[in-house]
Amino acid sequence: MISIHEAIELILDKIHPLPTEIVLLGDAVGRVLRMDVDARRDIPPQDNSAMDGYAFAYPEDAQEPLTLEVIDFIAAGHRPSQGLQPGEAAKIMTGAPVPDGADTVIPVEDTEAEGITVTFQRIPKKGANIRLAGEDVKEGEAVMSPGVKIRPTEAGMFAALGRSVVSVSQRPRVAILSTGDEIVEIDEAYAQGKIVNSNAYGLAAQVTQAGGVPVMLGIGRDSPEALYEILESARLCDMVLTTGGVSMGDRDFMLEVFEKWGVKREFWKVSMKPGKPVAFGMKGRKPVFGLPGNPVSAMVAFEQFVRPALRKMLGFERLFRPVFTATLAPDAGAVRAKVGRTEFVRCSVEYDGGQFKIVSVKKRGSGILSTLVEANGLMIIPAASEGVEPGGEVKVQLYDYELIEGADPGW
Ligand code: AMP
Ligand code: MG
């Protein structure tokens, strides 16, 4: 059996970013940027006023109050009709280009206008209230680099740079196959001994959240022929996930079916809990994961192996969930673990007084899906550790931020 470290290395070694595609800017948010983005022009394109007021040349030797002759009116989106001479001012609106000869703007509320003159008691600092050309972004400057998720901020920047199309990673199409004679679809009539196909829906959501496109293959019956046939329809996908049928049971056929289908196996079984029986191999360029059938094992194995793999296919620079050091609350009880395997323990994490706290530790059975629902993090108990004492520190992966969203705005 290999360690979790060896497993992730074997996986990432085999996986490469998918090709790119071009999308319209409006469809780009959430996608992974795959291009270098340089500014084609200065932003802002020219010196312009930051206030509604009067533009003038800062007089090196003038007395206060200062009275100037108003010779122009410049609205936003319009050009000055002329340059300014000493003693002259132009009324100017926010965003309008500053006329030649002017270098300073005084806000209208600090002035008194009378006829064709304007007077102000205090002269502002030289250069005040002017946004300089290129002060946001300079022409030729590198603004964004590949391997990051396009956020609303990047979308705004693309628009500011005058770009309406973006090169992003193709979304990996991920085939999801559930296996088991006991598995039924959500809306099938309830029958004794049957179990609803929860894995496919949980995994599909994980795929979507990670940036992939789930392709539901349905439920395969526990026979090598049935499983082989259904796998054939995964040919056009970029990745395959199956659940169940990878343990030691008499009806666990996944490994032999993978082999027959042409999957070159990289490993089977990892010293971790939950998720131990996970299998991984490549069919050509297609990664194939045989995830365990137990719902918690499947989702935890997805988190540890499939999500980083998907992120690598997507061209992300960073592949893993954020990991924080958290303190196990004194009343959360001790966490005991067996040496020799990496254990992931479901827990509720809160952010309190500047640090992460594990406020409760959940039941650890690999079939108990409700505890994943209650939790937002996975404590990582390293293979060499016997566990964590109350009040002790432990690393925790946060798979969801909803429970640490603010209860107040914090301002
Ligand atoms: P297996 O590895 O095929 O023996 O599956 C282990 C356990 O996981 C079984 O007892 C099933 O109850 C459960 N299981 C397998 N597949 C699914 C599924 N698609 N949805 C929910 N539970 C499943
Ligand atoms: Mg099974």
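**Nonpolar, polar and charged: the lining of the second largest pocket splits into eleven nonpolar, four polar and four charged residues.** Here Ala, Val, Leu, Ile, Met, Phe, Trp, Tyr, Cys and Pro count as nonpolar, Asp, Glu, Lys and Arg as charged, and the others, including Gly, as polar. This is a predicted model, where local features need pLDDT of at least 70 and side-chain atom pairs count only at pLDDT 80 or more, while totals for chains, interfaces and linings use all residues, and side-chain values use heavy atoms, with hydrogens and water left out. Residues are numbered from 1 along each chain as its sequence is written, with chains lettered from A and ligands numbered from 1 in the order in which they are written. The second largest pocket has a volume of about 470 Å³. It has 19 lining residues, and His-5, Gln-304, Phe-344, Ile-380 and Gln-397 are the closest to its centre. Helix 1 (4-14), helix 6, strand 24 and strand 28 (393-398) each give two or more residues to this lining. Helix 6 has the largest share, with five residues. (Helices, H or I of at least four residues, and strands, E of at least two, are DSSP runs numbered from the N terminus.)

**A look into the largest pocket, with a volume of about 760 Å³.** A pocket is an open set of points on a 1 Å grid over the protein atoms alone, with protein on both sides within 12 Å along at least five of seven lines; lining residues have an atom within 4 Å of a point. Points are joined across faces, edges and corners, and the volume is the space filled by probe spheres set on them. Look for Gln-209, Glu-303, Arg-307, Arg-321 and Tyr-399, which lie nearest the centre of this pocket among its 27 lining residues. At least two lining residues come from each of helix 3, helix 6 (295-313) and helix 7 (370-374). Helix 6 gives the most, with six residues. Sorted by class, the lining has 15 nonpolar, four polar and eight charged residues.

Rolling a probe the size of a water molecule over the atoms shows where empty space is left. A cavity is a set of grid points where a 1.4 Å probe fits but cannot get out. The largest cavity holds about 40 Å³ of space. Around it you'll find Lys-273, Pro-274, Glu-343, Phe-344, Arg-346, Arg-364 and Ser-366. Four of the lining residues are charged, two are nonpolar and one is polar. Strand 24 (residues 342-352) gives the most to this lining, with three residues.

**Six strands in an open, mixed sheet, ordered 16-13-17-21-20-18.** Strand 16 (213-220) and strand 18 (264-268) are the edge strands, each pairing on one side only. Strands count as paired if DSSP finds at least two bridges between them. From one strand to the next, the twist averages 15°. Helix 3 (residues 198-210) packs on this sheet, touching strand 13 (173-179), strand 16, strand 17 (239-243) and strand 21, and its direction makes about 165° with that of strand 16. Helix 4 (residues 224-232) packs on the sheet too: it touches strand 13, strand 16 and strand 17, and makes about 160° with the direction of strand 16. Contact means heavy atoms within 4.5 Å. Axes are lines fitted to C-alpha atoms, for helices over the stretch in contact, and angles run from 0 to 180 degrees between N-to-C directions.

**Zooming in on strand 20, where five of five residues are buried.** Buried means under 20% relative accessible area with a 1.4 Å probe and protein chains only, against over 50% for exposed and in between for partly exposed. In a regular strand the side chains alternate between the two faces of the sheet. On one side of strand 20 sit Ala-279, Gly-281 and Lys-283, on the other Phe-280 and Met-282, and all are buried. Strand 20 (residues 279-283) runs antiparallel to strand 21 (residues 286-291), joined by five bridges. Across that pairing, Gly-281 stands opposite Val-288. The hairpin of these two strands has two residues between them, and Gly-284 there takes a positive phi near 65°. Strand 18 pairs with strand 20 in the antiparallel sense as well, over four bridges. Met-282 is the bridge partner of Lys-264.

**Another open sheet of six strands with mixed pairing, in the order 7-4-6-5-9-8.** The twist here averages 35° from one strand to the next. Strand 4 (residues 53-56) and strand 7 run antiparallel, with four bridges joining them. Phe-56 stands opposite Thr-104 in strand 7.
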